[in-house]
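User: I would like to learn how to read the features of a structural model, one at a time. Could you give me the general idea each time and then the case at hand?

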Amino acid sequence: DRSPRSPPLSAPFLSSPPPVSRRPASSRTSVAQASPDAWRACAGRYPTTGYPEVRFWCLQTLADQCDARYAALADADAASLRAAVASWVHEAATRRDPPVPPFVKNKLAQVTAKLARHDYPLRWPTLVHDLVALADAPEADAPFATDVFCRVLDALDEEIISSGDTIREHGEGQRNPARPPPASVRVKDAIRADGDAAAKLADVWRRRVARGDRAAAATARRYVEWMDVGLFVPLSDETAPPPGLGNNDASSFVAAAKGLLASDDDDLRGAGAELLAALAQKGMDRASKLALVVHRLGLVDACLAMPPTGDEGRDVISAGLVRAVGHELFACLGPPKGGGSSANNLDDATSAAAFAAVERLLPVAVAHARSRDESCALAALPVLAAYVRRLEADESARGSPAAADALACVVDACVRRSAFPDDEGGSPEGGSGALRGIDFRDPGDRR
């Protein structure tokens, strides 16, 4: 559990005095938390206590102080607090006997993110480099270091980047030079601008994903949506990679993510599918998107290699990736013929290639739609529905040589999803015995 929740009560708390006796102490605690100097007391108490509950209380107090009073701190005091928190993060990443409890690490990550909201990159320019150095700890500490590395980056995403604090949320259609950008924009711009830090982040994720680290894959998914796609995917053989990263590194990132799809662990398979889907969702022009999905990521081939197996967990993940890939391929199609310029139909080379990729993907989408597992079928149905809508709206699509056979397969899959065996020998997936469809007619209708 990576959410910064309050810990369960431990034995010392359970044996504490009755509520009436605790009220004066609770009152004094509340007063202490509200004090402008509470951060100083917490910074002194956190490293000296052996009680995780006390550490959690210190961190919660600091989190509240960051929201209410941090902006008023003097530069020297803010620097002192940042240094203290950075040392605690390092301790959490290296201490093994006993390890720092997860609920303390979660809250510590949250406090780090709240400080970054105020200070990154102006007063804390080394934050990302510090995290990368933490992740490159000696091999013996790697699991602990990676865990803290991921928790802090997850907290940065939740507290800042994906918090909704955007230019649009501020009621502005575009940036106002007279007003500082929102924290989410400022932090993303700073990471993008620091090419060395961004490349090192991508390299850490690549190495951890290659080892089968689910947390690293899940964290990377949060960031690939807006970081430079060239950090993760070789865009072309001729395109120079971002500084600090070679095309071989980008290729191996894709290979590492695909390697998770072959895992027997559903959590790892799911993390790999979500990471690849996030890479496919990168915003770009239609031709570049098609090249990314089909050639650079090879996702159509990846989907074809993941047909239904009868294992519900595996098949739902596979069908979800098929849906994500299908969505991006349909986005590469221009408007239907008659809906705009004559260049924006299947006569357009990009649209024609995208439609051909859709038709390659269609058989595995149909196979998932035929599944008797409802979650798997529902995941694949949007691809079939989008294909039928395209045939209906686009005359040039209906002229595809494979369209008639593909449409027959789609209809057959829909019939089988709404059918049941006529006898014990039949099954909607095939075999002996006829299929009896569900009759939706009105019994009183004699027509």
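**Reading the model**

Analyst: Cys-58 is buried, with a relative accessible area of 2%, where buried means under 20% relative accessible area, exposed over 50% and partly exposed in between, using a 1.4 Å probe and protein chains only. This is a predicted model, in which local features need pLDDT of at least 70 and side-chain atom pairs count only at pLDDT 80 or more, while totals for chains, interfaces and linings use all residues. Residues are numbered from 1 along each chain as its sequence is written, and side-chain values use heavy atoms, with hydrogens and water left out.

User: How many disulfides does the structure hold, and how far is the sulfur of Cys-58 from the closest cysteine sulfur?

Analyst: A disulfide is a pair of cysteine sulfur atoms within 2.5 Å. The structure holds 0 disulfides; the closest cysteine sulfur to that of Cys-58 belongs to Cys-42 and is 4.3 Å away, which is too far for a bond. Cys-150 is buried as well, at a relative accessible area of 0%.

User: How should I read aromatic pairs, and how many does the structure hold?

Analyst: A pair of aromatic rings is described by the distance of the centres and the angle of the planes. Rings of Phe, Tyr and Trp (its six-membered ring) pair if their centres lie within 6.5 Å, and planes under 30 degrees apart count as stacked, over 60 as edge-to-face and the rest as tilted. The structure holds 7 aromatic pairs. One of them is the stacked pair of Tyr-46 and Trp-88, at 4.1 Å centre to centre and 25° between the planes. Tyr-46 lies in the loop between helix H3 (38-45) and helix H4 (52-68), and Trp-88 in helix H5 (residues 75-94), so this pair ties together parts that are 42 residues apart in sequence; helices here are DSSP runs (H or I, at least four residues), numbered from the N terminus. Tyr-46 is buried at a relative accessible area of 0%, and Trp-88 is buried at 4%.

The rings of Phe-56 and Phe-103 have centres 5.8 Å apart and planes at 55°, so that pair is tilted. Because Phe-56 lies in helix H4 and Phe-103 in helix H6 (residues 102-119), the pair ties together parts 47 residues apart in sequence. Both Phe-56 and Phe-103 are buried. Ring pairs also link Trp-205, Tyr-223, Trp-226, Phe-232 and Phe-253 into a cluster.

User: Which charged end sits over the ring of Tyr-46?

Analyst: A charge sits over a ring if NZ of Lys or CZ of Arg is within 6 Å of the ring centre and within 35 degrees of the ring normal. Here the charged end of Arg-55 sits over the Tyr-46 ring, 4.1 Å from its centre.

User: What should I look for in the backbone?

Analyst: Most residues other than glycine have a negative phi, and most peptide bonds are trans. In this model a cis peptide bond joins Asp-97 and Pro-98, with omega about -5°, and Pro-98 lies in the loop between H5 and H6. Another cis peptide bond joins Tyr-120 and Pro-121, with omega about 5°, and Pro-121 lies in the loop between H6 and helix H7 (127-135). Just after H10, Gly-212 takes a positive phi of about 85°.

User: How far does helix H10 reach from its first C-alpha to its last?

Analyst: The expected span of a helix is 1.5 Å times one less than its number of residues. Helix H10 (residues 195-210) has 16 residues and reaches 22 Å, close to the 22 Å expected. Among its buried residues are Leu-201, Asp-203, Trp-205 and Arg-206.

Technical notes. Helix = DSSP H or I, 4+ residues; strand = E, 2+ residues; numbered from the N terminus.
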